[in-house]
Amino acid sequence: MEIEQAPRRTPMPFSRRKLDRRAVDVLKRLQEAGHETYFVGGCVRDLLLGRQPKDFDLATSASPNQVRRLFRRSRIIGRRFKLVHVYAGRQVYEVATFRSAPEEAIGEEVQVIRDDNTFGTAREDALRRDFRVNGLFLDPVASEIVDWVDGLADIRNRRLSAIGDPLRRFQEDPVRILRLVKFMRRLGLEPGEAEVAAAQEVAPLLVESAPPRVVEEVFRLALTGDLAGVLEDLTALEVLHLVLPDLAGWLERGGDRFDLLVARVERLDEWIRDGGEPSYGLRLAMLYGPFVEEELRPEGRTVQARDGASVPSVVFSALQRRARLPRAVLNRATRILQAQARMDPALDFRKRRRRRSAPDWMLQQDFFAEALECLRCRLEADGRELDLYDEWHERALFMEDRPG
Ligand code: ATP
Ligand code: MG
């Protein structure tokens, strides 16, 4: 049996008012029923870094059934690993039972985690997490940070290190490499040399990770507000050609392609920082825009498309086969890019130009607002005048004003 080591306990260095009141109520109810319970993961990290957490997750010694019985408005979710969703007001809080890392593989071979289903102690639950900054626990009743992983030191020094050996941890789950990039860029944390070296070494294993998990993290990367930086990191870590091979292949053709793409996504980043919330479809469209636009030209086209209009869907179906992206996301990205070709005469490479499709039709589509946003980002990034954007914007306003 493993001897339980004591964690380092530090007074909570921020005001209680930063905590979600309802989440604290849920936590207290669990503690009062005799279950060891903490806030865990991203919320503790964000609070310590002075950021507002997205959501407050709880971890507890209570089993899912015990949690379920304590809260009338709750339900057990998940097949593989069961969690409880506790509803309070309009909010939902995720309560997970402490779990341990899966059995360590014997000998040198590190196994990829496929089944992480065993309940454990609070300490084990901290140790199974990916990065030290993500392994901190918070007890708001005792007003303490509970640290089994030396996470506070990393917070203080703005460092990003793995819990345990980075090579082993990335081999267990290569998706952690994408998470490394996400936390570096989103939180401005500096990874250790060992982490960077391990990420480079293990990156090829990413192709074996479940595509939906990879895709989920890629999209989260596209939300960091520093997609330009993310692209640089993914290229430097030689990961881009593994997760988005067609895009990486296009970038490898060189010229000013990388700068062009970075300028485009910087516009999207700016918009996100101003509070914009691009859909996955728009993010994908921005990322693939320059590549698709180049493929619209009949000469030098590399994808097997009949004509320009079918280029976006051909490109995205190839991605769908690899990444099993949700249809709706791909459809939206396709529509947004097709709309660019309709709105922007600079993208019309047809020999005999036919009449442009009726603007009214476009204005009525549910993707129009995002297509317009995409147009603006493209014009700005490419250093073009915004007249074209203004024109379409005015049409949209005019349409709204019209009765009926
Ligand atoms: P975000 O702000 O993007 O949601 P997060 O840190 O909250 O970041 P989640 O994916 O929501 O990340 O996961 C919550 C917590 O679960 C993490 O903080 C981490 O402790 C743990 N975790 C998530 N993914 C992994 C993983 N692949 N390996 C180990 N621990 C993980
Ligand atoms: Mg989270």
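**Notebook: the surroundings of ligand 1**

I began with the contacts of the ligand, and in this predicted model I found an oxygen atom of ligand 1 lying 3.0 Å from an N or O atom in the side chain of Arg-179. Taken by itself, ligand 1 exposes 580 Å², and I noted that the protein buries 83% of that area.

Next I asked where ligand 1 sits, and the answer was the largest pocket. I listed the elements that give two or more residues to the shell around ligand 1, and they are α2 (42–48), α7 (175–187) and α9 (211–221). The largest share comes from α7, which supplies five residues of that shell.

For the shell as a whole I counted 16 residues around ligand 1, and I wrote down the closest as Arg-45, Asp-173, Arg-176, Lys-182 and Arg-186.

Last, I turned to the chain itself. I recorded 404 residues, of which 49% count as buried, and a secondary structure of 19 helices and 10 strands. Along the principal axes, the C-alpha atoms fill a box of roughly 80 × 55 × 40 Å.

Technical notes:
Residues numbered from 1 in each chain as written. Chains lettered and ligands numbered in written order. Predicted model: local features only at pLDDT ≥ 70, side-chain atom pairs only at ≥ 80, totals over all residues. Heavy atoms only, no water. Near = heavy atom within 4 Å. Polar contact = N/O pair within 3.5 Å; in protein donor to acceptor, adjacent residues only side chain to side chain. Areas by Shrake-Rupley, 256 points an atom, 1.4 Å probe, with all protein chains shown as cover. 1 Å grid on protein atoms, 1.4 Å probe; cavity = no way out; pocket = protein on both sides within 12 Å on 5 of 7 lines; lining within 4 Å. Sits in = over half its atoms within 2 Å of the grid points. Helix = DSSP H or I, 4+ residues; strand = E, 2+ residues; numbered from the N terminus. Buried < 20%, exposed > 50% of the residue type's maximum accessible area, 1.4 Å probe, protein only.
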